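Subject: the structure I promised

Hi,

Here is the structure for you to look through.

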Amino acid sequence: MTSSSSNASILRVQDLQTYFPIRQGLLGRTVGFVRAVDGVSFVLNAGETLGLVGESGCGKSTLARSLLYLHPPTGGRVWLKDTELGVLSSTELRKQRLRMQLIFQNPYASLNPRLTIEEIISSAACYHGHIRASETQDFATKLLEQVGLRSEHLKRFPHEFSGGQRQRISIARALALRPEIVLCDEAVSSLDVSIQAQILNLLLELQQQQGLSYLFISHDLAVIQHLADRVAVMYLGRIVEIANRKELFQTPAHPYTQALLRAIPSGDPKTRRPLGERVLAGDVPSPTKQHTGCVFAERCPQVTSECRQQRPEFRQIRTGQLVACHHARMDSA
């Protein structure tokens with residue numbers, strides 16, 4: 001696994017916001033916003049894997065698409081090395097976007113059923129001038145071999161493959177444009193456990209061979225613990241904790257991170273939670289609600305009036321992680 005000590009940041013995100021308007025009436029007037037991403041900041045270093053975890057609906061997938069400007073952000077800034085993406089023209093942005101590629105969650109829906117595997121893998125490289133039309137077979141064969149498939153698969157169609165094989169094809173397609181960053185959006189969540197392990201090991205192998213940087217989105221903490229160098233915890237459109245993998249799993253600082261770790265099923269009957277017991281009280285608030293304080297205040301067991309009135313800023317605590325929590329002040333470094 002790669003080290004996270006590198007100072008060479010490849011992706012920097014500052015206060016990123018992505019809001020979707022809520023329209024009503026015949027005139028389609030905007031009456032509110034869904035705050036899918038609400039002020040996210042982080043750094044991805046070259047050659048590392050940053051895991052992004054959180055409950056379903058917290059904004060993880062929207063964040064990935066916002067980084068690619070598939071969902072243009074409402075506010076904030078994104079730098080790919082020294083290039084700020086938000087100030088580029090559409091043509092320049094398209095060129096920079098080649099440096100970041102996305103692996104989708106569902107391998108059954110993300111591959112065009114009308115195209116052969118050769119066409120799926122090589123079409124983007126042809127379009128952008130990386131290869132000539134006469135080179136597509138050799139090009140696709142090399143990529144298939146990198147992900148553990150064979151040249152005999154080139155002329156087949158997606159429906160002829162299993163879910164694990166389809167995800168290998170998706171990985172090959174993502175690598176076709178020689179990206180520096182790969183955004184993995186729940187890339188193994190729809191696969192069997194044994195196949196998950198194969199795909200995760202493949203991703204690690206490709207990272208070591210090609211020096212890739214991963215933003216790996218998952219709700220499965222076991223997957224994140226296996227793959228990530230650092231972990232960012234997201235709740236209701238905001239990141240509440242960022243830490244090295246070891247620190248986060250051994251000494252979680254934010255109450256939400258602690259709740260996520262307590263929710264991991266245990267195989268030991270002595271430590272297993274009683275059936276029906278809830279780790280967190282209440283439900284996730286609506287993303288249309290504007291929070292003046294901490295987004296986790298409505299469910300936090302340590303909530304105070306300060307939590308409800310003032311948004312906590314990131315602070316580095318003694319154990320090393322960055323935490324957006326008022327209660328972490330006493331441990332500040």
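To begin with contacts (heavy atoms within 4.5 Å): among those in the chain between residues at least 6 apart in sequence, 64% join residues at least 24 apart.

Before the rest, some housekeeping. This is a predicted model, where local features need pLDDT of at least 70 and side-chain atom pairs count only at pLDDT 80 or more, while totals for chains, interfaces and linings use all residues. Residues are numbered from 1 along each chain as its sequence is written, and side-chain values use heavy atoms, with hydrogens and water left out.

Overall build: the chain has 10 helices and 12 strands (DSSP runs numbered from the N terminus: H or I of at least four residues for helices, E of at least two for strands). Its radius of gyration is 21 Å, close to the 20 Å from the globule rule for 333 residues, so the chain is as compact as a globular protein of that length (taken over C-alpha atoms; the rule is 2.2 Å times the number of residues to the power 0.38). Along the principal axes, the C-alpha atoms fill a box of roughly 65 × 55 × 45 Å. Of the 333 residues, 48% are buried, meaning under 20% relative accessible area, with exposed over 50% and partly exposed in between (1.4 Å probe, protein chains only).

Now the inside. The largest nonpolar core has 62 residues, and Ile169, Ile171 and Phe216 have the most contacts inside it. (A core here is a set of buried Ala, Val, Leu, Ile, Met, Phe, Trp, Tyr and Cys residues joined through side-chain atoms within 4.5 Å.) Helix 6 (residues 193-210) gives the largest share of this core, six residues. Apart from it lies another core of 30 residues, including Val37, Leu50 and Ile181. Beyond its neighbours within four places in sequence, Ile169 touches Leu111, Ile117 and Phe161, among others.

Leu260 sits in helix 9 (residues 255-262) and counts as buried at 17% relative accessibility. Its contacts beyond four places in sequence are Val53, Glu55, Leu221 and Val233. Val53 is 207 residues away from Leu260 in sequence, yet their C-alpha atoms are 9.3 Å apart.

Two backbone spots to check: most residues other than glycine have a negative phi. Glu186, in the loop between strand 7 (181-185) and helix 6, has a positive phi near 50° and is buried at 8% relative accessibility. Leu236, in the loop between strand 9 (230-235) and strand 10 (238-244), has a positive phi of about 50° and is buried at 7%.

Cheers
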